[in-house]
Amino acid sequence: MTVSPQQYLAIAQTLLQHQDEMHDRSATNRAYYGAFHACKNLASTFNLDQYAKGRGTHHRLITALQHIPLSDQEGPNRDQTLRIRQVGVLLPTIKSLREAADYNIVNNYPEKHAERAVQLSQEIIHIVDQLCTTT
């Protein structure tokens, strides 16, 4: 059985409906991983690994999205590149929310953070779907 980024997002949306902190933390986690896996698909589709820098899978993916050059003749066109860079700005925001939800358990985790993570994940997945279907 395989799992899609959209399924991660759907679970995040379901968890968000429970309106308690543990579900909000879990919704944020699932929202992040939905966006992360969508971005991995995007990086594969556009061969972005060549732009990855640093250590760690998550960091390398984010740097690849953020550092794709506009002048790459063999890569995506200018509009696609700008959209890829946009995703590269959004993904670290969800990553920070996910880290707070997963690692900072001594502080309260506001529902608005989970809602923001789900909204950003939905936006990223939508952009990635558009980019990957136009290639």
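Guide: We'll take salt bridges, aromatic rings and the nonpolar core in turn. Keep in mind that this is a predicted model.

Visitor: Okay. How many salt bridges turn up in the whole structure?

Guide: The search finds 3. One joins the side chains of R25 and E21, at 2.7 Å from N to O. Another joins E99 and K95, also listed at 2.7 Å, N to O. D102 and R98 make a salt bridge at 3.2 Å.

Visitor: Where do R25 and E21 lie?

Guide: Both are in helix α2, which covers residues 21-45. They are 4 residues apart, about one turn of the helix.

Visitor: And how far apart are E99 and K95 along their helix?

Guide: They are 4 residues apart in helix α4, residues 78-103, so about one helical turn separates them. D102 and R98 are in helix α4 too, 4 residues apart, again about one turn.

Visitor: Why would such side chains pair up at all?

Guide: Because side chains of opposite charge can pair when their charged atoms come close.

Visitor: Is R25 buried or exposed?

Guide: Buried. Its relative accessibility is 6%, and buried means under 20%.

Visitor: What about R98 and D102, buried or partly exposed?

Guide: R98 is buried, with a relative accessible area of 6%. D102 is partly exposed at 28%.

Visitor: New topic. How many aromatic pairs are there?

Guide: The structure holds 3. One of them is Y33 with F36, and the geometry is edge-to-face.

Visitor: What numbers go with that geometry?

Guide: The centres are 6.0 Å apart, and the planes sit at 75°. Over 60 degrees counts as edge-to-face.

Visitor: Where is that pair, and are the two residues buried or exposed?

Guide: Y33 and F36 both lie in helix α2, 3 residues apart, about one turn. Both are buried.

Visitor: Which residues make up the cluster around them?

Guide: Y32, Y33 and F36 form one aromatic cluster.

Visitor: Now the inside. Which residues touch the most other members of the largest nonpolar core?

Guide: L42, L48, L65, I84, V87, L91 and I124. That core has 41 residues.

Visitor: Which elements give two or more residues to the core?

Guide: α1 (5-16), α2, α3 (57-66), α4 and α5 (111-133). Helix α2 gives the most, with 10 residues.

Visitor: Pick I84. What does I84 touch?

Guide: Not counting residues up to four places away in sequence, I84 touches L42, F46, L48, L65, I68, P76 and L131. L42, L48 and L65 in that set are also among the residues that touch the most other core members.

Technical notes: Residues numbered from 1 in each chain as written. Predicted model: local features only at pLDDT ≥ 70, side-chain atom pairs only at ≥ 80, totals over all residues. Heavy atoms only, no water. Salt bridge = Lys/Arg side-chain N within 4 Å of Asp/Glu carboxyl O. Buried < 20%, exposed > 50% of the residue type's maximum accessible area, 1.4 Å probe, protein only. Phe/Tyr/Trp six-rings, centres within 6.5 Å; stacked < 30°, edge-to-face > 60°. Core = buried A, V, L, I, M, F, W, Y, C linked by side-chain atoms within 4.5 Å. Contact = heavy atoms within 4.5 Å.
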